[in-house]
Every structure is written in structure tokens, then in C-alpha cells.
Amino acid sequence: MALFLGMMGYIAYFQAARSEEFIQSPYNARKDSYADRVVRGDILDGQGRVLARTQVSEDGTETREYPYGNMFAHVLGYCDHGKSGLESVENFNLLTSNAFFLEKLKNEFQGQKHKGDSVVTTLNLDLQQAAYDAMGSRKGAVVVMEPSTGKILTMLSKPDFDPNTAAADWEALNADDTGVLLNRATQGQYAPGSTFKMITTLEFMREDPGYIDYSYDCSGAIEENGSTIHCYGGKVHGHVSLTDSVAYSCNTSFCNIGRSLDTAAFKNTARELLFDSKLPSVLPYSKSKCFPNEGVGSVEKMATAMGQGKTQVSPYHMALITCAIANGGVLMKPYLTDSITNYSGQEIKKNLPEEYKTLMAVEEAAQLKQYMTSVVDYGTASPVLGGQSYTAAGKTGTAEYSSDKEKDHSWFIGMTNIENPELVISVIIESADGEASAVNVAKQVFDAYYR
């Protein structure tokens, strides 16, 4: 009897909690059999513009088309040689038809296929276009979110591919040594550079009640156990407060802060911010890694505090942290699908915003937002984002990726409309090497939103 009740309980749990997971699994070949009687539905952006559709020729041949080609390659994915992106995540809904029952009855009698349901995404074509144009041919990623709801408005990865010809180009795509099929937005792993200083600042605020009165004299370099760390470009910032340290992105000041922090507490704060943890994501992602084990030397602690060391993070993860800062410490559950409609536009189901987790206290988020505002007011982002028609806050970053000090990635995380943040952005440009700036990409996206 106990065994029977246990089995019945598991069946009920499976149906309620895990059935959709198995239905949506890319290893479940049975759901593709629905294509025998359903024409795969459309994928739309948040304003109803078609991002993917199936064209049916007179002889019944079906061709999946992506009107914007490479622009949405990674987030929409492909549906040949397996599936990826939203084509995989929403496969069940795209191959399900909720057309009017009389129409379906007529199709059955005539031996015709039903038209599959449409997936209305949270994506914004205009912002995706702006990000795509701003990135040009550079490698990297852009993620734009609405912090108050968790909607993902833009997800761009470069280099990209044309999903219209993915089947024909399959061998070349897999042989490509640039990782063209990799979604760098969620799966890319990078040293966060100075964007990580916001996490260091949060830990310092938690450990030192007198953080408001912090000051440091920057001489452009700091030495520790035979190692010397310089401020970017050899700049000497002089006497700086904590606000100035963030605004000017003073490496030596953050190294000074880092060597004073408790390793275990710092690691715990990083975990609270989802490092070494599961991320809320419907798309495949790489787990971020942060902070060495206890007992490491002060030099490694200093490197970690300024965003170098062994820390690895994705642009998507940095967007989530920035969303929490913008939204009073609360991270809303990120989502890409706004609703499911039948092909004629009748809504079948709707996703609503929901809280995922509180990452920090309201007061902590407000203080971090204030520090990020100084970056735009008079700090490293002021030449680009200062004096715009909209307000902005953020953090620039430069991440060295080789022993050659001239090689680096460019980062920017930020938000707009500081009092009531409307957009959050995370940008990385690989191998920027001083010639490209992530904050310029962010500005072009912001401009597209507010024009």
C-alpha cells in the first residue's frame, strides 16, 4: 500500500511539476511527430513583428524562415540538426494548435494541417537592431532587460550565423573555430574586470559600517608581496573616497579594500549574487565562478576585488545582478516568452512577472545605484553618457585576458531612468584592446529606446 501510494504521489508530482520539462526536452523525439499534422507556428517580438515563420509551398514543402537573418540567431536558434534557442524551448507550443475547433475539424476532413500557435516573445526588434548595428563585426554579447518585470528585451551574441541556411552550412558552422554557435550572452565566460567592483563594494559595505568615510591616496600603483598592480593606463587618482573609487574605477583603491576583506564572507556574498549557483534561465548557460578557497594570498584577493583573478562570469549574469541593483535588491524572474496565442492572435496563456530572489537589501541596492550614478556624472562613463536626455548609471570595465597587458575585453553594465529604472544593459566586447568601448554600444541602445 505504501509503495502504491508513493507511486501515485510521484505520478501526480510529475504531471504537475516535471511533465513540461520532459515534453520540452530536446531529446524527446515524440513531440516532433506533431509536425505531421501541425504547421510550425510563428515567433513574434513584443510588438507582434514576425521573427520566425514557416512558409508552405504549393506542393506542401515547409520552409522555416527568419526574416531578420543573423540578428536573432542565438536567442531564436534553429530547428534543423536538432534545435536550439526558443525554437527548442517553445517547440511544444509551436507544434500545438489552438485554432477554432470547427476550423480544425474542417482541416481533418480535408487532410490539411493545422496552423501552430504563435510564441509572442519579450524581445524588442528595435533594441536588438540597435545592439546588432552597434556591435558591428566585433565579438561579444549584449543583454537588455526590464528590471521591474524580468523581461529580456535584447539578447545578442557575436559572431553569429544565418539560421535560414544553418542546415546547408552545418558542417562549416561546427568546424568554425570562433565558436559561432555559442551563445556568448549566456554561455560566455569572461573575467568581469571592473564591473565586479560593484560586488566588492557591496561586501565592503557589509563588513565596514564606516564605509561612507573611506578614503585612500592613489599613487597609480600598489605593491603586495613582491607584486605590483597599476591603475588602468597608469593613472594617478590621488585622494579618493569610495564614491570616487567607483567613479574613476581606481584599481589600487579596490586592491586596498580587497586585501582587508574576509575571504569566507566575500565568497558568501558572491554566492548570494548567484556565483557558483544555478541561474534562472530557460536557455542553456554557463555557471559563473568566483573567488578562490580560503587561505589564498593577499595578492589573489586583491586581483579578485578588482575583477581579475579566477572569477568568470557571463554577460547575462552581470545583467541579472544589475537588475537587482536597479529594482531595490529584488531580482525578478527573467523570461523570454510573453504569451502564447493561436495563429489568429487569440491569447492562450500569458506569463506574468514574478520575483525570483532578493539578492541584497533595499538600502544596499540604493547605495550601489548612487555609486554607479557617479560613474556617469563625472567618472569613466561621463564622456559618453553624461548630458543625455535620459538619466543613466553604470560601471565600465576592462578585463585583461592574457599576460600581454595590452590585450583586454571592454565591459559595461548600467541602467536608465535612475529614479525608476526602465532598462538594464550588460555589454562585453572581446579583444577591444582600446579600440572599442562597451559603453558606446550601450549608448546606442539607450538612444534607440528614447528617440
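Begin by selecting helix α17 together with what covers its buried residues, a set that includes α6 (125–135), β7 (140–146), α16 (382–385), β17 (392–400), β18 (408–416) and β19 (424–429); helices (H or I, at least four residues) and strands (E, at least two) are DSSP runs, numbered from the N terminus. The model is predicted, so local features need pLDDT of at least 70 and side-chain atom pairs count only at pLDDT 80 or more, while totals for chains, interfaces and linings use all residues. Residues are numbered from 1 along each chain as its sequence is written, and side-chain values use heavy atoms, with hydrogens and water left out.

Within α17, pick out Ala-438, Val-439, Val-441, Ala-442, Val-445, Phe-446 and Ala-448, which are its buried residues (under 20% relative accessible area, 1.4 Å probe, protein chains only). The helix, residues 438–450, has 13 residues and reaches 19 Å from its first C-alpha to its last, close to the 18 Å expected at 1.5 Å a residue (1.5 Å times one less than the number of residues).

Next, select the open sheet of 6 strands, whose order is β4-β3-β2-β6-β14-β15 with mixed pairing; two strands pair if DSSP finds at least two bridges between them. At its edges lie β4 (62–65) and β15, each pairing on one side only. Further in, β2 (residues 43–44) runs parallel to β6 (residues 118–121), joined to it by 2 bridges, and Leu-44 has Val-120 of β6 as its bridge partner.

Note on methods:
Buried < 20%, exposed > 50% of the residue type's maximum accessible area, 1.4 Å probe, protein only. Contact = heavy atoms within 4.5 Å.
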